[in-house]
Structure formats: structure tokens, C-alpha cells
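Please work through each task before reading its solution.

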Amino acid sequence: MVHEWDPSMAPDAEVEAVVDLINATIRADLPADPTWDPVGYREYLTCTMPGERRACWIVADPNADRVLGVASMLLMDDIGVFELMVHPDGRRGGVGSALLLAAARRAADEGIPSLGVEAVGDTPAVPFYEANGFRWAYCEMRNVLDLSTVDWFRLGEMARGISSGYRVEYYRGGPPESLYPAYARAKESVRDDGDGDLDLRPSSYEPERLRASLATLAARGLAVYIVLARHEPTDTVAGLTEVVVPRQRPGRADQYDTIVVPEHRGYGIGRAMKARMLFELRSAEPRLQDVQTWHATEKEPMLKVNAELGFLPDREWREYEADVPDLLKRLGPTAARSR
Ligand SMILES: CC(C)(COP(=O)(O)OP(=O)(O)OC[C@H]1O[C@@H](n2cnc3c(N)ncnc32)[C@H](O)[C@@H]1OP(=O)(O)O)[C@@H](O)C(=O)NCCC(=O)NCCS
């Protein structure tokens, strides 16, 4: 019932059926979240960073012209980043487990030792991964800012409230090439090694990786917006904030990294950059309704700024991990035959 699916070759109708399934899942599990548009979804799935590949599987509904389940796995050096959705009408019948088994087998074939997943709190994904022996590795809280609640006058004051000696700049599509080294250095200054997260979405700490990452985001249909703060006396990048809006889901923006280099903290940079970003998004993305961001702990420096901007905590986003041999043992050959 599971078969490998190549979105680059699939007919449009099949891509649309997969997006229908994703939207049925969103309506069941996260009804306040915006749904996805099939236009550009093929590119969203097929374009990856150099050296990475994505494998996908689907389960067709034997009784109807629709897809019952879809899974994808981004094959990285030491981990497979797995995503899975089963249609609400087709759950608890083993479809999810069968797709997980297909991914675990591929990971084993490719010598990848573990699978990592993000599971959204208060959805069936949590009991599903726990029932399959996944370990809870890391947890973040998602925060959402509804743009209709923003006090734009106050935001204007925040955007201007930056110490002298700093200049805020806005770039659509990515920073200029001449700034790549300084930009990557700013990211490197707060490298989060060792805080326990599974690095399922690695940052770019070198100019070459930054270049590849921007090209990949563009190829996947993700519009990139950057605001950065320059320290004028030294002409270095003192801070940056990154937002991405998928053209397949234009109502919601994803806040990626926001960084203030440690020696430049305490000068209002984080607040000014994020406030400026919201003004730029308002004019560049007229269909945008909200922005989502994630934070790991109550101590995270941007938490206070996010609260001032009006972000509200929403739900837990959990990272789980499982060793591939354990998964194969648990889902096993007998289970495989029956599916
Ligand atoms: C999580 C999901 C993939 C499970 O798919 P499924 O086909 O129902 O899973 P299976 O039938 O293979 O379930 C295997 C085991 O997982 C556990 N499980 C799955 N769903 C569960 C639930 N709702 N409650 C408790 N346990 C559950 C059970 O132990 C189950 O075995 P059992 O049915 O014999 O008791 C599916 O519910 C889904 O797509 N959820 C979407 C969640 C999501 O990502 N939402 C956010 C993005 S929109």
C-alpha cells in the first residue's frame, strides 16, 4: 500500500491530492492555521540544499480518488528529518506506521543512524511517535503575532529606538554578497551547539552555505526578508533578523533566526530590527495575516521583545528522535508484511 513518490515527476493532480491531504490534516489538528496552495508545492518538496535529498512516500486511498497518507524524509549526513501526515478519515489503521517503516528502511539502506521529527503539541503526532519509541529531545513554544492586533504607531517608536552608531538596513531576498562574510560571522557568534536541539534546520555559519541556503529557499518558493543592524564605527553586522514567507502559504510568515551579537546587546537593536521587519512585511506581503516564531526557554533574549511586539504563546513544538535499528525492530518484518 505504501509506494515511493517522486514529486518532481508526479502529475499535477497527484500533487494537488497531496496538498488536499495536508489541508485536511491542518483543518483537523491545527484549525487556526492557514492552509497550503498546490501552486509551487512541487518545488517546495523537490529543491534541497546541495548534498541533501528528499525521499517521499504516499498511500493512495483504495476506495476513493485521494491520498490517505504522505511522508517525506530529508536525508542529511547523520539524521533523516521525517514528516508524516495521515488523512483524518484514515487514522488508526496502520497507515502512519507503514510510512514510518518505509522511511526507516531507506535510512538503514543509506547508513543514516537516526530519524528526527517535529511533533506539534496536542495533536495525535505526540502519542504516535511516543508509541513508536521516539525519545523527546527538545521542546520549543510556538508564538504567533496576529498582524491585525499590531499598534503600528508604537511599533514606529520601537523601530526608531536604537542607540546612535547603529544603522538598520532592509534587504529582500538576502543580504548583499559583500556582506555574506560579516553576516555569517554574526550567526556564528551565537552558534547554539550543545543546547540539546537536533539541528533539524541547520543555520548557515559560512558564506558558501549562506549562498546555497538563499538559493535553495528561492527555488522552493520562499520569499526571504532580512533586516540587519550595522555598527557604523566598525562597519560590522551587529544583528540580524530573518523572515520567510512561502508563496504556497502567503498568509503566514515564519520568523527564522534573530541574532544580536553579544557585544552589541543592550542598545535596542533586537527590538528595532524586528519592528522594522514588520513594517517591511506589511508593504511587501499584502496577504500576510500573522507571523510565527519559536523559542526554547523562558530565558531566551528575544522573548521580551516578542512579547512587546504582541506575539502570543500558542503551542509546544517538540523534537523527537529514534534510532533506525530500534525502529526496524519495533515495526519489524511481521508488521511490514501485514501492511
Ligand atoms: C500521527 C499520525 C501520523 C498517525 O497516523 P495513523 O495512521 O493514525 O497511525 P497508526 O495507525 O499507524 O498508529 C500507530 C500507533 O500510534 C499510536 N497512536 C496513533 N494515533 C494516536 C492517537 N490519536 N492517540 C493515541 N495513540 C495514537 C497508537 O499506539 C497506534 O497504535 P494502535 O492504533 O494499535 O493503538 C496521524 O494522526 C497524523 O497524520 N496526524 C497529523 C498530526 C500532525 O502532524 N498535525 C500537525 C500538522 S498539521
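**Exercise 1.** Determine whether Thr258 is buried or exposed, and state which side chains make a polar contact with the side chain of Thr258.

*Solution.* Step 1: Thr258 has a relative accessible area of 18%. Buried means under 20%, exposed over 50% and partly exposed in between, with a 1.4 Å probe and protein chains only; Thr258 is therefore buried.

This is a predicted model, in which local features need pLDDT of at least 70 and side-chain atom pairs count only at pLDDT 80 or more, whereas totals for chains, interfaces and linings use all residues. Residues are numbered from 1 along each chain as its sequence is written, and side-chain values use heavy atoms, with hydrogens and water left out.

Step 1: The side chain of Thr258 makes polar contacts with the side chains of Thr241 (2.7 Å) and Gln255 (3.1 Å). A polar contact is a pair of N or O atoms within 3.5 Å; within protein, one must be able to donate a hydrogen and the other to accept it, and residues adjacent in sequence count only if both atoms are side-chain atoms.

**Exercise 2.** Identify the buried residues of helix α9 and explain why they line one face of the helix.

*Solution.* Step 1: In α9 (residues 302-309), the buried residues are Met302, Leu303, Val305, Asn306 and Leu309. Step 2: Viewed down the axis of α9, these residues fall within an arc of 165° (taken from the directions from the helix axis to the C-beta atoms), so they line one face. Step 3: Lys304 and Ala307, on the other side of α9, are exposed.

Terms used:
Helices (H or I, at least four residues) and strands (E, at least two) are DSSP runs, numbered from the N terminus.
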